[in-house]
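The following note sets out numbered points on one protein model. Please read each point beside the displayed coordinates.

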Amino acid sequence: MCTSIVIVGAGLSGLRAASLLHSHGIKCRVLEARDRIGGRVLSASDLNRPDLGIFDLGPTWFWPQYESKISNLVKELNLKTFTQYTKGAMLLERFPNQLPERYILPENSNERSIRFTGGVKSLVDAVEDTLPSSIVELGTRVTAIRLDKTGAVKVEATLADGKTAQISADTVILAMPPRIVARQIEFFPPLPPDLMDDLVGKPTWMAGQAKAVIIYDRPFWRDSGLSGFVSSRVGPLQEIHDASPDQGSGALFGFLGIPAEVRHEMRQDQIKKTVIEQLIRLFGASAEQVRAFLYKDWSEDAETAVGQDLEPLMNYPLYGQPRVTGVWEKKVLFAGTETNSQFGGHLEGALQSAEKAALDIIQTKNKT
């Protein structure tokens, strides 16, 4: 069976590219190694307390004042959103055994950010709903991409049942972290050395991070005039924000400042214990009344992180579109947030890169 376009990766970027191609009548298949869609978009609830709500363990916000693609898509798909809670004072934890300092930030010092009712998963699900169910194939790991003497592309994949498949395509969109492409997919003939260096040199956004969500019956810190925003040099959480749904329960989320290699030696119950101890220091005894604890260490996710990603980012990476030359030009395209120079690391970057890849194919098809 010959499919016009094969998209590798069913994250936001891959699904959006597929949706745009499908809307123009261009056949495509989306191959995803995981058993779920979304990639680094991961919205979860506690299995024992689903009534508490859905919380994001991956990306959380977007900024409509300057991110137009996602803002327009949210309107197009009629998704429900709400404004991130930022009212009240922030806390600064400088030193161990010292009370946190309380600061009132100047008005409008924080850019207004927007969250999704039901988590960012609601966006991914809505994009997938624009596609026929047969297009997205889960548990399908692409292992090799070959270019034969006639210029035809053959995509080799291992299926969930262990069997292998070969899929023909005019073009392949690689909608996955560039480092994962470089490490997990073989190319015949090989990609040019400068392109491989570019892929390996693009750090995967969030790959070295671990995120904890601590859920309560209600956002009790607001009663004390606190926003839930904390900056800590003590840890284990180095940055904390209010993660409460738009109604109902309360929640805080934070990024762990513990190095990835140290986290890997800790049990999750140890991490949970130290996190709750920190929240009690910051917010008082009420922080001990935890109803649920969610945790995701992206550095342990083989579909996200490679060894290089364990090192914390010291500066914002230089993201942008990889330059494909030679025999692979127009045969392989790249999408994903790391391939967008302006909004790399954001949901907006994932969408912009998807639209660019889809537009390149649509324009090529219109010329033939």
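**Notes on the model**

1. The count of aromatic pairs comes to 13, where rings of Phe, Tyr and Trp (its six-membered ring) pair if their centres lie within 6.5 Å; planes under 30 degrees apart count as stacked, over 60 as edge-to-face and the rest as tilted. Tyr66 and Phe343 form a stacked pair, because their ring centres are 6.3 Å apart and their planes lie at 15°. Tyr66 belongs to the loop between strand E4 (55–56) and helix H2 (68–76), and Phe343 to the loop between strand E20 (332–335) and helix H8 (347–367), so this pair ties together parts that are 277 residues apart in sequence. Helices (H or I, at least four residues) and strands (E, at least two) are DSSP runs, numbered from the N terminus.

2. The structure is a predicted model: local features need pLDDT of at least 70, side-chain atom pairs count only at pLDDT 80 or more, and totals for chains, interfaces and linings use all residues. Residues are numbered from 1 along each chain as its sequence is written, and side-chain values use heavy atoms, with hydrogens and water left out.

3. On accessibility, Tyr66 counts as partly exposed at 39% relative accessibility, whereas Phe343 is buried, with a relative accessible area of 8%. Buried means under 20% relative accessible area, exposed over 50%, and partly exposed in between (1.4 Å probe, protein chains only).

4. Phe253 and Phe255 make an edge-to-face pair, since their ring centres are 5.5 Å apart and their planes stand at 85°. Both Phe253 and Phe255 are buried.

5. The charged end of Arg146 sits over the ring of Phe188, 4.1 Å from its centre, and Lys296 lies over the face of Trp298, at 4.8 Å from the ring centre. The criterion is that NZ of Lys or CZ of Arg is within 6 Å of the ring centre and within 35 degrees of the ring normal.

6. Strand E10 (residues 141–147) and strand E11 (residues 153–158) are antiparallel partners over six bridges, and Arg146 stands opposite Lys154 in E11. Two strands pair if DSSP finds at least two bridges between them. An open sheet of four strands runs in the order E12-E11-E10-E14, with mixed pairing. Its edge strands, E12 (164–169) and E14 (186–188), each pair on one side only. From one strand to the next, the twist averages 20°; axes are lines fitted to C-alpha atoms, for helices over the stretch in contact, and angles run from 0 to 180 degrees between N-to-C directions.

7. Which residues touch the most other members of the largest nonpolar core? They are Ile7, Leu21, Phe116, Leu123 and Ile173, in a core of 42 residues. H8 gives the most to this core, with eight residues. A second, separate core of 27 residues includes Val8, Ile167, Ala169 and Trp328. A nonpolar core is a set of buried Ala, Val, Leu, Ile, Met, Phe, Trp, Tyr and Cys residues joined through side-chain atoms within 4.5 Å.

8. Ile7 has contacts (heavy atoms within 4.5 Å) with residues including Leu21, Arg29, Val30, Ile173 and Ala175, not counting residues up to four places away in sequence. Ser113 lies in the loop between strand E7 (101–103) and strand E8 (114–116) and counts as buried, at 8% relative accessibility. With the same exclusion of residues up to four places away in sequence, Ser113 touches Trp61, Phe62, Trp63, Phe82, Thr83 and Gln84.

9. Backbone geometry deserves a separate check. Most residues other than glycine have a negative phi, and most peptide bonds are trans. The peptide bond from Phe188 to Pro189 is cis, with omega near 0°; Pro189 is in the loop between E14 and helix H5 (193–200). A cis bond also runs from Gly235 to Pro236, with omega near 10°, and Pro236 is in the loop between strand E16 (226–232) and strand E17 (237–242).

10. Asn78, although not a glycine, has a positive phi of about 60°. Asn78 is placed in the loop between H2 and strand E5 (81–83) and counts as exposed, at 66% relative accessibility. Met206, also not a glycine, has a positive phi of about 75°. Met206 is in the loop between H5 and strand E15 (210–216) and counts as buried, at 16% relative accessibility.
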